[in-house]
Amino acid sequence: SQWYINVSWTPDATQLGPNIFCYAAVDSLQRMSTTQCLVLYVSAVDIGNNCSLNNGHGPCGQICNQLSGSVYCTCEAGYMLLADCLHCLDINECMLQTSNCNQLC
């Protein structure tokens, strides 16, 4: 399945700094996609590539992704993104019963 979402937003001076947007899509059968989050930075000046900060991690705990002037964080395999959309939590693949478990569960 492919999910698409279009967002239009014009920030103002009260929204300087990080702004977290989380979203999910719902199809015609009322099935919901997984929640995804973006961290959008608003600055009074052009601050360039935010992922270049913090040794390439930007504001993210693990993987920083630059997209059209915005930053969003993702996690390495075996981790999941926390609700703050910045940090990652080590998941227990055996408890989740995923097929990606490399160890004996």
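Reply: Let's start with a word you'll need all the way through: buried means under 20% relative accessible area, exposed means over 50%, and partly exposed is in between (1.4 Å probe, protein chains only). The structure above is a predicted model, where local features need pLDDT of at least 70, side-chain atom pairs count only at pLDDT 80 or more, and totals for chains, interfaces and linings use all residues. Residues are numbered from 1 along each chain as its sequence is written, and side-chain values use heavy atoms, with hydrogens and water left out.

Me: Okay, how do I read that confidence score, and what is its mean for the protein chain?

Reply: pLDDT is the predictor's confidence in each residue, from 0 to 100. Here the mean for the protein chain is 76, with 70% of residues reaching 70 or more. Among the elements, strand β6 (residues 88–90) has the highest mean, 92, while helix α1 (residues 93–96) has the lowest, 69. Then there's the stretch 44–48, where pLDDT is below 50; beyond near neighbours in sequence, it has 3 contacts in the model. A contact, by the way, means heavy atoms within 4.5 Å. Where pLDDT is low, the predicted coordinates should not be read in detail.

Me: Which elements make up the chain, and in what order do they run?

Reply: Helices (H or I, at least four residues) and strands (E, at least two) are DSSP runs, numbered from the N terminus. In this chain you'll find 1 helix and 6 strands, running β-β-β-β-β-β-α from the N terminus on. Of the 105 residues, 24% are buried. Looking at contacts between residues at least 6 apart in sequence, 25% join residues at least 24 apart.

Me: Which residues make up the largest nonpolar core?

Reply: First the general idea: in soluble globular proteins, nonpolar side chains tend to be buried together. A nonpolar core is a set of buried Ala, Val, Leu, Ile, Met, Phe, Trp, Tyr and Cys residues joined through side-chain atoms within 4.5 Å. The largest one here has 9 residues: Cys37, Val39, Cys51, Cys60, Cys64, Val71, Cys73, Cys85 and Leu86. Strands β2 and β4 (70–74) each give two or more residues to this core.

Me: Where is Cys60 placed?

Reply: Cys60 is in the loop between β2 and β3 (63–67). Cys60 counts as buried because its relative accessible area is 4%. Leaving aside neighbours within four places in sequence, Cys60 is in contact with Asn54, Val71, Tyr72, Cys73 and Leu86.

Me: And Tyr72: which residues does it touch?

Reply: Tyr72 lies in strand β4 and is partly exposed, at 26% relative accessible area. Not counting residues up to four places away in sequence, Tyr72 touches Cys37, Leu38, Val39, Cys60, Ile63, Cys64, Asn65 and Leu67. Strand β2 holds another tyrosine, Tyr41, which is partly exposed at 27%. Its C-alpha atom is 7.4 Å from that of Val71, 30 residues apart along the chain.

Me: Is Cys85 buried or exposed?

Reply: Cys85 counts as buried because its relative accessibility is 1%. Cys85 sits in the loop between β5 and β6 and has a positive phi of about 60 degrees although it is not a glycine. Gln30 also has a positive phi, near 65 degrees. Gln30 is in the loop between β1 (17–23) and β2, and it is exposed, with a relative accessible area of 63%.

Me: Last one: which residues line the second largest pocket?

Reply: On a 1 Å grid over the protein atoms alone, a pocket is an open set of points with protein on both sides within 12 Å along at least five of seven lines, where a cavity is a set of points where a 1.4 Å probe fits but cannot get out; lining residues have an atom within 4 Å of a point. Grid points are joined across faces, edges and corners, and a volume is the space filled by probe spheres set on the points. The second largest pocket holds about 170 Å³ of space. Its lining is Thr34, Thr35, Gln36, Cys37, Met80, Leu81, Leu82, Ala83 and Cys85, with β2 (36–42) and β5 (79–81) each giving two or more residues. Those residues divide into 6 nonpolar, 3 polar and no charged, where Ala, Val, Leu, Ile, Met, Phe, Trp, Tyr, Cys and Pro count as nonpolar, Asp, Glu, Lys and Arg as charged, and the others, Gly among them, as polar.
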